[in-house]
Amino acid sequence: MKKPLLVLFDGSALVHRAFHALPPLSVSKTGEMVSAVYGFALMLLKVINELKPTHYAIAFDKPAPTFRHQMFEQYKAQRPRAPDELVNQLGRVRQLIEAFHIPIFELEGYEADDILGTLSCQASQKDVETIIVTGDADTMQLISPKVRVLYPRGRFSDTKLYDETAVNQKYGVRPEQIADFKGLVGDVSDNIPGVVGIGEKTAVKLLHQFGTIEQIYTHIDEVAPAKLRDTLKQNEAIARQSKELATIVTQTPVTLNLDDCQFSQYDRNQVTELFRELEFFSLLSKLPEVEE
């Protein structure tokens, strides 16, 4: 019997990345814009054909503010709203997901990352290996012996599979220290402030010495030089809040039901019909067969 492999897709991140990475593409008969749908379909097929998952699911952000916005009003405040050209393609993306019979998870007050964190945690408890497919580096903190992350390297479809060792090589810290790292250096993409004056090298050094932001403040008198110690003391509230903003929640109220996530439920005929309607003729040969 094939060992189970759950693939979790970060729908919001992948669709946005596809939209910005690929040139405009439209259906010749109607003029409907479908470049983000095409890019998403391309990534979906690449993952299915290369990783051969037994189970899959997808998470999306909801448009409403999350608990992070309530905690820190400026969270992601610098991000422009999604352009209409992208928003108008989301219905087709969902149509594609439903044709593949991929369960969709989304939750008011939480981000897709939090859902992915919860589902991957539940999968680990069931002794099921998980690969998270995303364009969002925040999910690196979810990596564990049972969880890996497939992340773009450069071009949209060029990806690298990250495990604990790869995270350490990239950031200089362990996956479970990523939120502490961002708590110290901040995160421009999410508008998380961090501690002004602390760069990546200093953050890595502090985390190697103390382990977490909480332990840094427990042993604050051991921090040297004095200037760094004073900076940390003056910015303690910001450092702690920044870590909380950067930390992915793994206890959201969603439940992983593996029976609902089986890849074998994928409907090849339905997907073929949709691909023809969208004029994705080049993708038809990439469609996997359904194993009986």
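I began with Pro53, which touches Leu5, Val7, Val47, Ile48 and Phe263, leaving out residues up to four places away in sequence; contact here means heavy atoms within 4.5 Å. A note to keep in mind: this is a predicted model, where local features need pLDDT of at least 70, side-chain atom pairs count only at pLDDT 80 or more, and totals for chains, interfaces and linings use all residues. Residues are numbered from 1 along each chain as its sequence is written, and side-chain values use heavy atoms, with hydrogens and water left out.

Next I looked up where Pro53 sits: in the loop between helix 2 (35-51) and strand 2 (55-59). Helices (H or I, at least four residues) and strands (E, at least two) are DSSP runs, numbered from the N terminus. Is Pro53 buried or exposed? I found Pro53 buried, with a relative accessible area of 4%; buried means under 20% relative accessible area, exposed over 50%, and partly exposed in between (1.4 Å probe, protein chains only). I also checked Asp138, 85 residues from Pro53 along the chain, and their C-alpha atoms are separated by 23 Å.

Then I turned to helix 8. I noted that 7 of its 8 residues are buried, so helix 8 is largely enclosed by the rest of the structure. The buried ones are Ile178, Ala179, Asp180, Phe181, Lys182, Gly183 and Leu184. Their cover includes helix 7 (164-171), helix 9, helix 10 (213-218), helix 11 (226-234) and helix 12 (236-246). Just after helix 8, I saw that Gly186 takes a positive phi of about 80°.

Which residues meet between helix 8 and helix 9? Asp180, Phe181, Leu184 and Val185 in helix 8 meet Glu200, Ala203, Val204, Leu206 and Leu207 in helix 9. I sorted the residues of this contact into 7 nonpolar, no polar and 2 charged (Ala, Val, Leu, Ile, Met, Phe, Trp, Tyr, Cys and Pro count as nonpolar, Asp, Glu, Lys and Arg as charged, and the others, Gly among them, as polar).

Last, I looked up the cores, each a set of buried Ala, Val, Leu, Ile, Met, Phe, Trp, Tyr and Cys residues joined through side-chain atoms within 4.5 Å. In the largest nonpolar core, of 48 residues, Leu184, Leu206, Ile216 and Leu232 touch the most other members. Apart from this core lies another of 40 residues, including Val7, Val47, Ile48 and Ala99.
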